[in-house]
Amino acid sequence: MKPYFNISNLLDGYNALLAGWTLLLAGIFGAYWYLFAALLLFNVLDWLSGWYKARRLHEESSKVGLQGVMKKLCYWMLIAVAFTAAAVFEAVGADVLAVDLSCMHLLGWFTLANLTVNEARSILENLAAVGIPVPAVLTKGLQVTAELLEQTTTKDEIRRNL
């Protein structure tokens with residue numbers, strides 16, 4: 001009698017699906033697709049933790065929930081604008097101005113890093129608000145990272161204005 005359930009076929013299908021998704025994400029987002037995936041995961045976790053916080057504090061609102069989802073979509077638009085603008089600036093520098101502006105790609109990565117840190121901080125704030133003990137090392141670490149990112153921005157702004 002042939003077994004009804006074959007674990008080998010299930011694992012083969014799972015591996016094929018995982019490889020397909022990895023290939024798709026790498027094709028769209030490049031070699032560092034997992035950084036974008038991390039932000040997407042943080043988007044979902046932030047929305048869920050915000051929903052849980054609102055439910056626990058009896059502050060549920062479909063309007064606020066929709067605003068949260070729209071805010072997350074705007075984050076992705078901001079990332080698209082940052083990477084696209086960087087690519088345009090690099091191309092204009094190379095093709096029109098004959099100036100090496102290859103450092104402009106950092107604009108997109110800086111935006112991605114900033115938004116990822118903000119999402120992680122928001123998740124921790126939501127968890128702390130409902131009484132879940134959040135280790136201080138996490139909150140302090142994210143605070144230091146956010147401050148370093150802010151200092152970098154401030155220094156760059158000062159240099160531009162000189």
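Biologist: Which residues of α2 are buried?
Modeller: This is a predicted model. In α2 the buried residues are Phe36, Leu39, Asn43, Asp46, Ser49 and Ala54.

Biologist: And what do the buried residues of α2 pack against?
Modeller: Their packing partners are α1 (7-29), α3 and α4.

Biologist: How many residues does α2 have, and what does it reach from its first C-alpha to its last?
Modeller: α2 has 24 residues and reaches 34 Å, close to the 34 Å expected at 1.5 Å a residue. Just after α2, His58 takes a positive phi of about 55°.

Biologist: Changing topic: what volume does the largest pocket have?
Modeller: Its volume is about 480 Å³. The lining has 18 residues, and those closest to the centre of the pocket are Gly50, Trp51, Val64, Gly65 and Gly68.

Biologist: Which helix gives the largest share of that lining?
Modeller: α3 does, with seven residues. At least two residues each are supplied by α2 (33-56), α3 (62-97) and α4 (106-129).

Biologist: How many of the lining residues are nonpolar, polar and charged?
Modeller: Four are nonpolar, eight are polar and six are charged.

Biologist: Now the cysteines. How many disulfides does the structure hold?
Modeller: The structure holds zero disulfides.

Biologist: Why does Cys74 count as partly exposed?
Modeller: Cys74 counts as partly exposed because its relative accessibility is 39%, and buried would require under 20%, exposed over 50%.

Biologist: What about Cys103?
Modeller: Cys103 has 48% relative accessibility, so it also counts as partly exposed.

Methods
Residues are numbered from 1 along each chain as its sequence is written. This is a predicted model: local features need pLDDT of at least 70, side-chain atom pairs count only at pLDDT 80 or more; totals for chains, interfaces and linings use all residues. Side-chain values use heavy atoms; hydrogens and water are left out. On a 1 Å grid over the protein atoms alone, a cavity is a set of points where a 1.4 Å probe fits but cannot get out, and a pocket is an open set with protein on both sides within 12 Å along at least five of seven lines; lining residues have an atom within 4 Å of a point. Grid points are joined across faces, edges and corners, and a volume is the space filled by probe spheres set on the points. Helices (H or I, at least four residues) and strands (E, at least two) are DSSP runs, numbered from the N terminus. Ala, Val, Leu, Ile, Met, Phe, Trp, Tyr, Cys and Pro count as nonpolar, Asp, Glu, Lys and Arg as charged, and the others, Gly among them, as polar. The expected span of a helix is 1.5 Å times one less than its number of residues. Buried means under 20% relative accessible area, exposed over 50%, partly exposed in between (1.4 Å probe, protein chains only). Contact means heavy atoms within 4.5 Å. A disulfide is a pair of cysteine sulfur atoms within 2.5 Å.
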